[in-house]
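Please open the structure in a viewer and keep the selection panel at hand.

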There are 2 protein chains.
Amino acid sequence: MALALAEAARGLGRTAPNPPVGCVLVRGDKVVGRGFHPRAGDPHAEVFALREAGERARGATAYVTLEPCSHFGRTPPCADALVTAGVGRVVVAALDPNPQVAGRGLARLREAGIPFTVGVGEAEALRQQSGFRSLVTRGRPWVTYKYAVTLDGKVAAAGEANGAVTSAEARAWVMRWRDEADAIAVGIGTVLADDPRLTTRGVEGGRDPRPVIFDSRARTPLSARALRPGTLLVTAPEADTRALEDRGAHVLRVTGLPDALHGLGRLNLSSLLLEGGPTLASALFAAGLIDEVRALIAPKLLGAGLPPLNSPARGMGHAAALRDPHVEPLGPDVLISGLLHDIPRLSAGGDL
Amino acid sequence: MALALAEAARGLGRTAPNPPVGCVLVRGDKVVGRGFHPRAGDPHAEVFALREAGERARGATAYVTLEPCSHFGRTPPCADALVTAGVGRVVVAALDPNPQVAGRGLARLREAGIPFTVGVGEAEALRQQSGFRSLVTRGRPWVTYKYAVTLDGKVAAAGEANGAVTSAEARAWVMRWRDEADAIAVGIGTVLADDPRLTTRGVEGGRDPRPVIFDSRARTPLSARALRPGTLLVTAPEADTRALEDRGAHVLRVTGLPDALHGLGRLNLSSLLLEGGPTLASALFAAGLIDEVRALIAPKLLGAGLPPLNSPARGMGHAAALRDPHVEPLGPDVLISGLLHDIPRLSAGGDL
């Protein structure tokens, strides 16, 4: 399954509204086929793996990171393809999150008399599929707040020219996260203060996430580096956006943050990497709309500056605990990450 | 040397103005004597180790965490005692920091024809001796700022009843740090808001550090739990402290923070564990008087509250980097610690 998950990871950020999926076919102790879903409209992971295996698929074990589909979409059902190819056994990491679909691929295997196992490598599969699962079950992207902060909790010096907070190692990770995200969001304050490019740099084969600027009054400068054809501008209904639209910006007029996220979902953006600033992040946090946090902590003290969050006050007893927090050194810095919400899944119980 | 350092650690917080020192005597592959300096006025580590070894000290290797003394203080010189006992070799972790003394103990060994090595385990020895070294070379305690903070950089909710930030595991470490510190400091704001006891709890054989309240106008309530006979009150020269002195408080009247720290040094307090709050910590940080930082980070988000530091603004390029930062999980929390100043040492060069 680790190989199948590695295959799936190759599609991260490229498959929406479909999930990133990987498939590996093993016969005896030999891998006879592998595949991943490269992007919506292309064949599914199982198809690529079966093509590579050819006749060797017969009797093989198929490892798939998501329950094989059972319905005719843009491609024929993968569960049928596995049956037709004569695989001997199927191992699935995670069930399909769509309650209308979940279990049907497995039912198809059961009908054909092919034994299967579910839940192997599920935690990692859920992480890979968080965007897809959010889109299917909630109609909005999975929102990950990334921030780089000093040990005394400052993301930037107030009103000062700002240098980088973290190391080159930490910034390289941020670039990988950008490469894997469908969209990247900042608030207008960050655009005006830092004029970020919001591009993926230094990642081999990388591509840029779609820039999303939360800018209720459409104050983004025409010279903003993040403004390019396709950049999404999230504004209030009455904002005057003509000049920005002339530059290629797409405008999403919304009446609040939940409305904004559902608008992004309708555009098939399944994962949103939120890179600041504190005003936008605080509003999303206060609204319960941040799903995951990745804090890059630099071992230095600034003394004064802006915090990563500045929402209305709550007592320490009301702090939101990260689920399954993860700590990892990145060069001289430390990454602490974790979830504020569970990744949507379905119980493996029921009629299986 | 690891054994000698473990011996030395038994004296942490008990030996000021003397250093915590450990000594282990090894003959062949057998430990024949061990000792540590328990407190000022008691014999030095070498004396205990030599007593235990008796005749077996002859030809043994002595591991000592600090250069053996060469002068008559309250006890006779340890360098002479090692020579007299006939040890075959001496291994020293760190040189004496006092420029008038450094090297003399070793010179005594050289005169006696006993070979020695210096610098084995020096980093850990310097850490153990940071208070002693600060007192000897700067006339003030080594100041360690400990704070517990949420992942979004909040030490407390503003104006709210506060729960604990970190876990029981993290708090147990704080209690060990209190046990090892000569003194523990808080600002008057923390006394008024939280009324802390500032005692060591749950540490076997533990003792309390001396409470120090930075309280320029002597506003500490007579009912404050940290107020007990011997509690130090650091005030402005004109503060009216009569009622507090009646309760046993000792008053240190100072004209500024450097003056305050030197006052603590004159009282032989070699290590000060600063436990907040942000106002006192920020003033000490801005004055360059914090030597070491221990940040306990809880993987949760509060949204709003007080930061650990709130000094005058500086650009990110002026952030103070921790030297040799150390990362360690403590239960669900993470400790990030490091130094802002080097621990005073002497070069092993010169006439050695």
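How many residue pairs are in polar contact between chain A and chain B? The count is 10, with both residues at pLDDT 80 or more; a polar contact is a pair of N or O atoms within 3.5 Å, where within protein one must be able to donate a hydrogen and the other to accept it, and residues adjacent in sequence count only if both atoms are side-chain atoms. This is a predicted model, in which local features need pLDDT of at least 70 and side-chain atom pairs count only at pLDDT 80 or more, while totals for chains, interfaces and linings use all residues. Residues are numbered from 1 along each chain as its sequence is written, chains are lettered from A and ligands numbered from 1 in the order in which they are written, and side-chain values use heavy atoms, with hydrogens and water left out.

**The interface**

Select the residues in contact (heavy atoms within 4.5 Å): chain A and chain B contribute 45 residues each. About 3400 Å² is buried between chain A and chain B, 71% of it from carbon and sulfur atoms; buried area is the accessible area (1.4 Å probe) that two parts lose on being put together, summed over both. Now highlight L151(A), L301(A) and M316(A), which supply 24% of the area that chain A buries against chain B, more than any other three residues.

Next, select β14(A) together with β13 (residues 300–301) of chain B: the two strands pair in the antiparallel sense over two bridges. Strands are DSSP runs of E, at least two residues, and helices are runs of H or I, at least four residues, numbered from the N terminus; two strands pair if DSSP finds at least two bridges between them. Within this pairing, K300(B) is the bridge partner of A321(A).

**The sheet of chain B**

Turn to chain B, where nine strands form an open, mixed sheet in the order β10-β9-β8-β7-β11-β6-β12-β16-β15. At the edges stand β10 (250–253) and β15 (323–330) of chain B, each with a single partner strand, so one side of each has no neighbour in the sheet.

Inside the sheet, select β6 (residues 142–150) and β11 (residues 271–274) of chain B, which pair in the parallel sense over four bridges. There, V143(B) stands opposite L272(B) in β11(B).
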